[in-house]
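Please read this note with the sequence and the model side by side. The points below take up the packing of the chain.

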Amino acid sequence: MRDPKHILITGASSGLGAELARTYAAPGVTLALTGRDAARLEAVAEQCRAQGASVEAAVLDVTDAAALAGWMLARDDVLPIDLAIANAGISAGTGGDTEPVEQVRRIFAVNVDGVMNTVLPLIPRMQARRRGQIALMASMAGFRGFPGAPAYCGSKAAVKIYGEGLRGMLAGSGVEVSVVCPGYVRTPMTDRNGFPMPFLMEVGKAARIIRDGLTRNKARIAFPLPILAAVWLLQALSPGLIDPLMRRLPSKSIDAG
């Protein structure tokens, strides 16, 4: 969508969500931002206001479906939401052992249920207006399950596949859907990784790629290309060939935060 005027971003208190907010902030733009950290969220909101945007910010957990829907629809009542970026997510892995049950459930609750809680209340309104755009934050990790982070990979795969199907379902309705699949982006989330991250991208560049892809209504915004090529290859090869190699890869730490 070109020039959205009212943009919702979840997980906007840090990382890619915060940078997307700053990227879109401009005079004439209204931002609806949510996050879990009040101080960081307000700091992002102030930065966006300094760039001329009007900002409404709320401390919300995307797993609280009723609270999130109530706030979003209230914002939509005031000014129709043009673009909803379901960005909120958490990352963690096995730490080289077995994932704790509570961590697995928390990852799926935030990364999958949180996305559904963000987009489902808005879809009927966008359909009725025959205008709107939805961006779902998946990951390159959603192309193939990695032993060091099975829950994270599984949650992002679910978002990726759901978004691809949703785009087809809403085709012709005036509602555009894009799935965003970043590789490694320098954020507080990836700062916790204690292993090499090939083709690590600065967050500002990643946000600009996403904005450009959304402007062009790309079905899938996947970057960088070398990582995309690698995951396509891993996806295509027989598990029997690559499983021994996959088990040697480093694991994400245990900490779903």
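Which residues have the most contacts inside the largest nonpolar core?

1. This is a predicted model, in which local features need pLDDT of at least 70 and side-chain atom pairs count only at pLDDT 80 or more, while totals for chains, interfaces and linings use all residues. Residues are numbered from 1 along each chain as its sequence is written, and side-chain values use heavy atoms, with hydrogens and water left out.

2. The residues with the most contacts inside the largest nonpolar core, which has 40 residues, are L8, W71, I134 and M140. Such a core is a set of buried Ala, Val, Leu, Ile, Met, Phe, Trp, Tyr and Cys residues joined through side-chain atoms within 4.5 Å, where buried means under 20% relative accessible area (1.4 Å probe, protein chains only). Helix 4 (101–119) is among the elements that each supply at least two residues of this core, and the largest share, six residues, comes from helix 4; helices here are DSSP runs (H or I, at least four residues), numbered from the N terminus.

3. Leaving aside neighbours within four places in sequence, I134 is in contact (heavy atoms within 4.5 Å) with A84, V119, I123, M126, V175, E176, V177 and S178.

4. A18, together with A21 and R22 in helix 1, meets V44, Q47 and C48 in helix 2.

Conventions: Buried < 20%, exposed > 50% of the residue type's maximum accessible area, 1.4 Å probe, protein only.
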